[in-house]
Structures are given as C-alpha cells and as structure tokens.
Amino acid sequence: MKEEKIKLILASQSPRRSELLKRAGLEFDIVPSDKEEIITKSMPAEVVLELSSQKACDVYDRISGDKANADKDLLVIGADTVVSIDGKILGKPKSKEDAYNMLKEIQGRTHEVYTGVTFVYNENDKKKIHSFNECTKVIFYPMSDKEINAYIESGEPMDKAGAYGIQGLCAIYVKEIAGDYNNVVGLPIARVYQELKTLNL
C-alpha cells in the first residue's frame, strides 16, 4: 500500500481501534459513523460484515461528497465486533442485570469474538468495497457471583460487547485465547495491515 497517496479514515471513535491502527504505523483521521445500525443478518460472522460495511460506506459517502476532499484518494476503514456463544450474539448490556446475565453465561465456557472490517475506496473512479471477518475463541475461568458483581460495579462492562473488555480488569479471568488477541480488543490489526497491502493502492 502506498500510504502517502491515500487519505486513511477510521470510521470509529473507539480508542482501542485507534490505538491498534497506530501500531501499524499508519496515519489516519477519525470520522465516526452516525448511521443507525440496521441488522438483517443472523449469523455473527455476517452481522459484523454488514455493520462494518454500513459504517465505512456512510463515512466514505459523506467525505467523498465534501468538496474539500473531492480531489483526494480516500480509504475508509469500518469495523464492528460482536461476542457470540452458541450462535447467540451478546451485544452491549442495557443494564447491570443484563451485564450479569451475559457474564454468567460465558464464564467457564468457550465463546467467540467476531470482528468485521470493511475498506471502502475509489478505484478507477468507482466505489469499491472490500470486507473480511476474523473470529477468535475465548475461554474464561469460572467467576463467582461476587467476582461478577464486583466487575460490573467497576463500570467497565457497560459499554462493551459481551459485557467485558479483555484488555482491562477482566484480563484476570481469561483462561485461553485461540486466535488473534487484538481481534478481541476490537481490530485484528495484523490482518488489516496485510489486507491493505493486497489492495496495492
């Protein structure tokens, strides 16, 4: 990828995704999508692709229509992450009780974390969309009710898919990870970097 010719945009205000993208040595701006999420798929792998594409396309369409950016080559990166157990998607908890139920369900068991990533860019004056997903399996040690409640009271679970952040306080309950750790944090940065290189922009 020829970074100097492309203006990279991250369509997310997640500080975790931003930090991971910086690790690749790429310069980028942050323009979060404000599009309402519309889910028509049911399988977790398909849901993350659908949502990441919606976010990336929303930001690309807004920026490419801006006259200040009309003569710039843009590549927008959209991403979405979900936690799934037994095929059921666990989103962000709506309450402490919801967080408790999620954490109770996944503790002591294997669950999956799916992240979908979409690149939207211009190629030969045509809008191109390139998407992929990554899945990581995570196993938690059993958590007592006291441990679950103490974690919830920290406030950390309330804005996280599946009611936990692997890079935060919940790290002490992670028994095993099969796959990309950074994918669980929110962006499979090694795969993102390699996929960007294949575009040869």
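Helices (H or I, at least four residues) and strands (E, at least two) are DSSP runs, numbered from the N terminus. This is a predicted model: local features need pLDDT of at least 70, side-chain atom pairs count only at pLDDT 80 or more, and totals for chains, interfaces and linings use all residues. Residues are numbered from 1 along each chain as its sequence is written, and side-chain values use heavy atoms, with hydrogens and water left out.

**View 1. Ala163 lies in the loop between helix 4 and strand 7 (174-178).** Phi of Ala163 is near 65°, a positive value in a residue other than glycine. Most residues other than glycine have a negative phi. Ala163 counts as buried because its relative accessibility is 0%. Buried means under 20% relative accessible area, exposed means over 50%, and partly exposed lies in between (1.4 Å probe, protein chains only).

**View 2. Asn124 sits in the loop between strand 5 (110-123) and strand 6 (126-140).** Here too phi is positive in a residue other than glycine: for Asn124 the value is near 55°. Is Asn124 buried or exposed? Its relative accessibility is 69%, so Asn124 counts as exposed.

**View 3. Lys126 belongs to strand 6.** With a relative accessible area of 55%, Lys126 is exposed. Ile30 is 96 residues away from Lys126 along the chain. The C-alpha atoms of Lys126 and Ile30 are separated by 23 Å.

**View 4. Helix 3 (residues 96-106) packs with helix 4 (residues 145-153).** The angle is about 135°, and the axes are 10 Å apart. That makes helix 3 oblique to helix 4. Axes are lines fitted to C-alpha atoms, for helices over the stretch in contact, and angles run from 0 to 180 degrees between N-to-C directions. Angles under 35 degrees count as roughly parallel, over 145 as roughly antiparallel, 65 to 115 as roughly perpendicular, and the rest as oblique. Helix 3 passes helix 4 in a right-handed crossing. A crossing is right-handed if the near helix is turned clockwise from the far one by less than a right angle, and left-handed if anticlockwise.

**View 5. Side chains from helix 3 and helix 4 meet in a close-up of the contact.** Which residues of helix 3 take part? They are Lys96, Ala99, Tyr100, Leu103 and Lys104. From helix 4 come Asp145, Ile148, Asn149, Tyr151, Ile152 and Glu153. Contact means heavy atoms within 4.5 Å. By class, the contact of helix 3 with helix 4 has 6 nonpolar, 1 polar and 4 charged residues. Ala, Val, Leu, Ile, Met, Phe, Trp, Tyr, Cys and Pro count as nonpolar, Asp, Glu, Lys and Arg as charged, and the others, Gly among them, as polar.

**View 6. The structure holds 0 disulfides.** A disulfide is a covalent bond between the sulfur atoms of two cysteines. Here the cut-off is a pair of cysteine sulfur atoms within 2.5 Å. Cys135 is in no disulfide, and its nearest cysteine sulfur, that of Cys170, is 18 Å away. Cys170 is likewise in no disulfide, with the sulfur of Cys135 as its nearest, 18 Å away. Cys135 has 29% relative accessibility, so it counts as partly exposed. Cys170 has 0% relative accessibility, so it counts as buried.

**View 7. Ser12 is placed in the loop between strand 1 (6-10) and helix 1 (15-23).** Ser12 counts as buried, at 8% relative accessibility. What does Ser12 touch, not counting residues up to four places away in sequence? Its contacts are Arg17, Ile30, Val31 and Pro32. Leu51 is 39 residues from Ser12 along the chain, and their C-alpha atoms are separated by 12 Å.

**View 8. Ile177 is found in strand 7.** Ile177 has 29% relative accessibility and counts as partly exposed. Not counting residues up to four places away in sequence, Ile177 touches Thr136, Lys137 and Ile166. The C-alpha atoms of Ile177 and Phe140 are separated by 9.1 Å, and the two residues are 37 apart along the chain.

**View 9. Leu75 has its place in strand 3 (residues 73-85).** Leu75 is buried, with a relative accessible area of 0%. Phe140 is 65 residues from Leu75 along the chain. The C-alpha atoms of Leu75 and Phe140 are separated by 37 Å.
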